[in-house]
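Here are some comments for a first reading of this model. Please keep the structure open and look up each residue as it comes up.

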Amino acid sequence: MVLVTYGVITEEIERLEKLRFATAVFDEAHNIKNRDTKAFKSCHRLQADFRIMLTGTPLQNHLTEIWSLFEIAVPGLLGTYNSFSERFVIPVERDHDMSQQRTLKRIVSPFILRRTKGDVLNELPEKNEITVEVELSDEEKAIYDQIRRETQQALAEGAINPVQALAALTRLRQAACSPELVDHKLKLVSSKTETFLNLCDELIENNHRALVFSQFTSHLAIIRRELEKKGIAYLYLDGSMTPKERMKLVDEFSNGQMPLFLISLKAGGTGLNLTAADYVIHLDPWWNPAIEEQASDRAYRIGQERQVTVYRLIAKGTVEDKIIKLHSTKKSLADALLEGTEMSARLGRDEILELLKLTSE
């Protein structure tokens with residue numbers, strides 16, 4: 001038996017590919033979903049009579065990811081990358097071709113064994129999800145709306161392309177969190193930060209412990225500063241930390257009494273068992289609800305004995321409102337493939353324009 005990380009495989013593939021294994025197991029297989037990475041190319045070269053891939057998120061963004069996973073699991077099943085794109089990716093994602101979607105499902109379903117948390121973890125306590133609407137101040141609304149109107153007009157007139165518009169959407173999402181994220185010279189009080197701090201006071205007073213997630217490390221930096229001003233202790237984890245540092249922080253949180261664990265969404269979405277927390281706070285929403293769900297499940301997993309409450313802080317009347325609506329009206333690519341529900345598409349020009357509209361419109 002050989003236990004090896006994806007990083008080591010890329011370094012040792014010339015030696016490993018000379019061996020033939022009875023079985024190859026690819027854990028957290030979404031790490032090799034991108035066909036252009038060294039990890040994917042190296043795993044593709046491994047020889048094995050039988051292959052098993054384990055992942056909680058077989059699809060995170062686009063159908064091309066399913067091609068990558070199956071090219072390793074069952075090589076050749078889905079044809080070449082280009083033929084797969086022409087036959088399935090373009091018709092399903094761009095044209096919403098339900099017939100081709102169903103065809104793809106029939107091809108891959110015999111090779112997929114799916115077990116949801118509800119199927120196997122009946123003993124888990126209840127999980128409550130609460131959306132907290134944050135009312136921005138007049139100054140915050142003015143800053144946000146200026147960025148929104150400028151982007152909307154430029155996109156409508158063709159002055160910027162969809163990629164640039166997506167960058168502008170990121171600025172809007174940051175403005176919804178704190179004006180300081182848009183311009184560090186803006187020292188306006190963030191309504192969302194104040195809401196978070198009030199929530200923290202309540203949780204700590206009642207002896208609860210929370211995981212706090214944000215996609216923006218710059219947002220977490222503001223939160224850290226404000227927590228330090230109030231003398232509230234916390235731990236912090238982001239993607240720059242080594243695996244050894246990660247495990248040290250996890251052990252410290254699990255075995256101690258630290259009330260808060262601040263985690264960047266990218267760094268903490270997988271691979272952490274943090275059932276010492278009974279609250280999860282998402283400071284900002286992500287496009288793909290499956291990614292948020294994975295982060296929340298750091299606390300809601302085997303070993304959790306208490307009821308878990310998930311808070312989502314949403315700036316009212318902003319693009320964050322729209323993102324939450326996307327969560328409720330569009331299923332993830334994985335659900336579309338595995339359950340046959342409607343496929344969500346990539347954001348195009350019209351979708352971006354819709355996101356830029358005022359929520360009340």
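**Notes on the predicted model**

1. The model is predicted. Ile52 is found in strand 2, which covers residues 47-53. Together with Val25, Phe50 and Leu54, Ile52 forms a nonpolar patch on the surface, and the accessible area of these residues together is about 350 Å².

2. In soluble globular proteins, nonpolar side chains tend to be buried together. The largest nonpolar core here has 27 residues, and the members that touch the most others are Phe26, Ile32, Leu63 and Phe84. At least two residues of this core come from each of helix 1 (6-16), strand 1 (20-26), helix 2 (38-45), helix 3 (64-73), helix 4 (81-94) and helix 5 (98-108). Helix 3 supplies the largest share, five residues.

3. Which residues does Phe84 contact, leaving aside its neighbours within four places in sequence? They are Leu63, Thr64, Ile66, Trp67, Leu78, Val89 and Leu104. There is also a second, separate core of 22 residues, and Leu211, Leu249, Ile291 and Tyr300 are among them.

4. Side chains of opposite charge can pair when their charged atoms come close. The count of salt bridges comes to 14. One of them joins Asp49 and Arg20, with the closest N and O atoms 2.8 Å apart. Asp49 lies in strand 2 and Arg20 in strand 1, so this pair ties together parts 29 residues apart in sequence. Asp49 is exposed at 55% relative accessibility, and Arg20 is exposed at 54%.

5. Lys316 forms a salt bridge with Glu135, and here the closest N and O atoms are 4.0 Å apart. Lys316 is in the loop between strand 8 (308-315) and helix 15 (319-329), while Glu135 is in the loop between strand 3 (127-134) and helix 7 (138-156); the pair links distant parts of the chain, 181 residues apart. Lys316 is partly exposed at 40%, as is Glu135 at 45%.

6. Glu226 and Lys229 meet in a salt bridge of 3.4 Å, N to O. Both lie in helix 11 (residues 217-230), three residues apart, about one turn of the helix.

7. A disulfide is a covalent bond between the sulfur atoms of two cysteines. A search of the whole structure finds zero disulfides. Cys43 is buried, at 0% relative accessible area, and Cys177 is buried at 0%.

Conventions:
Residues numbered from 1 in each chain as written. Predicted model: local features only at pLDDT ≥ 70, side-chain atom pairs only at ≥ 80, totals over all residues. Heavy atoms only, no water. Disulfide = S-S within 2.5 Å. Buried < 20%, exposed > 50% of the residue type's maximum accessible area, 1.4 Å probe, protein only. Patch = residues over 30% accessible without salt bridge, like charges linked within 9 Å, V, L, I, M, F, W, Y side chains within 5 Å. Areas by Shrake-Rupley, 256 points an atom, 1.4 Å probe, with all protein chains shown as cover. Salt bridge = Lys/Arg side-chain N within 4 Å of Asp/Glu carboxyl O. Helix = DSSP H or I, 4+ residues; strand = E, 2+ residues; numbered from the N terminus. Core = buried A, V, L, I, M, F, W, Y, C linked by side-chain atoms within 4.5 Å. Contact = heavy atoms within 4.5 Å.
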